[in-house]
Amino acid sequence: MTKPSLPDLLHAAVSAVGGTERPGQVAMAEAVAEAIDDNSHRLIQAGTGTGKSLGYLVPALAHGERVVVATATLALQRQLVERDLPRTVDALHPQLRRRPQFAMLKGRSNYLCLHRLHEGAPQDEEDGLFDQFEAAAPTSKLGQDLLRMRDWADETETGDRDDLTPGVSDKAWSQISVSSRECLGATKCAYGAECFAEAARERAKLADVVVTNHALLAIDAIEGAPVLPQHEVLIVDEAHELVSRVTGVATGELTPGQVNRAVKRAAKLVDEKTADSLQTASETFERVMELALPGRLEQIPEDLGYALMSLRDAARNVISAIGATRDKSVQDEDAVRKQALAAVESIHGVAERITNGSEYDVVWYERHDRFGATLRVAPLSVSGLLREKLFEDRSVVLTSATLKLGGDFNGVAASLGLSPEGVEGDDVPVWRGLDVGSPFDYPKQGILYVAKHLATPGREGTRGDMMDELAELIEAAGGRTLGLFSSMRGAKAAAEELRGRLDNPILLQGEETLGELIKSFAADPKTCLFGTLSLWQGVDVPGPSCQLVIMDRIPFPRPDDPLMSARQKSVEEHGGNGFMAVAATHAALLMAQGAGRLVRASGDRGVVAVLDPRLATARYGSFLRATLPDFWYTTDRNQVRRSLAAIDATAKADGK
């Protein structure tokens, strides 16, 4: 039987989803198939509207061996499993003569734990477990959510938190879920045969395509114990997010509250002397943390070093003692011990990591008004880890709408542990970059406007000239504005100011769930939506409700960000340009993602307005502009107001 051709398969898949074939999508599918066939690596930039999901799913399904697809966002995971994969499998079945299987796999804490549900949750104050359903007042929100989850447990086939609608708070979910460290293990658990997390793993082992997230991919790479099933091909979508997600997984933290909870959980499971030792170490650590000032610790202060060594040693003794003790008076002893062990092991691991002191780690204090001080440790770079763990023994395709920074792939490649494109040698993963473009006509559909006449934004203080500019642009656009701010404080200040100056409704991130805000924004063209980080990447509102995207300033990392400043310093010490490699790259990625909110469909028209003159005047401005879509560029404030008014008039004439 002749093997079906890739163009025929792609045509069938695109027809099934009611789409249109795009040259970029065809080029992408061919590049993915080529990478799979010759066991090589690709970085593929595919602009909005390319249809990149099908661009990698079709060659992946045609391949026949297991493929893992890792995405950054829940929304894309769901889209793949609930929409794209079922339709694509149906469309390809007649030509492939087989029906590829697919499954979703997440971390254990995303699934309902039947043991925790039926036996109760270990509590901190006493040994044994308590019935969280009895403990929570049935009239309280928590009590109502717990009762709803208990009913849902009888109906759900997956136990996946994301299948519970409406959702519940993290606090409610924690009552019926466990982390991988807290899990008893299927063989020891009375509910092991029915376990939702184990069932998801079994489905993944049988699937041709496993859809997971960046965090689980990072855990699989870092912790050494394989979580994902064996696979020949890895496709990383939203790959611009990978480094920050892996860094997050590789970051450890210690807080006095966390240590206190561990002490309480362990106290009744070990002898008094061992428990007292951990209690004393906990109190010493808490006293040190009370005086902690935010910022990086290039050297560990003597008092902190002593407190961490005490914690490490006391935690190690508790871990040994918990493993050796048995106390039948403790209700569901195995679960209580496992939870206590998980809490103490976490403290031991972070205390030991900081005490050992690695030149490849960055340590710092953070202070929160409500929660007090936190001690954090994160890797200076994850590039070596990614090079070693990601690119060996499999073909890797990384794709996103934003992978070329300043005109080439090498900046993103370096952050992934890859050498510049074309460099070959022993232990150097060989890769090629491909930009398949976008089906949109950016110069005709959008304008990039830089407000060159404004004052350069300072670190503090309100920007009166920026507020005036913001108000005038929104008025010219008739609302229809997505405001992207580099800080929540900036977003709040602008919302408060403009609510008093404009008739347009202004929605502010945090005042409602993100989903509800985006729905309200899309429903009313006069409305504006202001917010920070998640809006730069998470908004998909095609049509006339979003015809003006405003960025208040270039989103450089904060100068006092300990991890970013440490990375910048490290690049400089090795002879590189730390500002360009770290700060400018960070800003370029965010700006490209933010500008991508404007044109989401072939009929979209509008303006991206950057209210920071440095994009036009600074030497690095050209690097940042080269990363943005190829919009028509202007600094003429009158021209942009006329254009916005014309776009608004056209939308109104069309009844929108």
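Me: Why is alanine 267 called partly exposed?
Reply: Its relative accessibility is 31%; buried means under 20% relative accessible area and exposed over 50%, with partly exposed in between (1.4 Å probe, protein chains only). Alanine 267 therefore counts as partly exposed. This is a predicted model, in which local features need pLDDT of at least 70 and side-chain atom pairs count only at pLDDT 80 or more, while totals for chains, interfaces and linings use all residues. Residues are numbered from 1 along each chain as its sequence is written, and side-chain values use heavy atoms, leaving out hydrogens and water.

Me: Where does alanine 267 lie?
Reply: Alanine 267 belongs to helix α12, residues 256-267; helices (H or I, at least four residues) and strands (E, at least two) are DSSP runs, numbered from the N terminus.

Me: Why does aspartate 426 count as exposed?
Reply: Aspartate 426 has 75% relative accessibility, so it counts as exposed. It is found in the loop between α17 (410-415) and β13 (431-435).

Me: What makes threonine 527 buried?
Reply: Its relative accessibility is 3%, and therefore threonine 527 counts as buried. The residue lies in the loop between α21 (514-523) and β17 (528-531).

Me: What makes the pairing of threonine 527 with aspartate 524 a polar contact?
Reply: The two side chains are in contact at 2.9 Å. A polar contact is a pair of N or O atoms within 3.5 Å; within protein, one must be able to donate a hydrogen and the other to accept it, and residues adjacent in sequence count only if both atoms are side-chain atoms.

Me: Why is threonine 402 called buried?
Reply: Threonine 402 has 4% relative accessibility and so counts as buried. Its side chain is joined to that of glutamine 593 by a polar contact of 2.7 Å.
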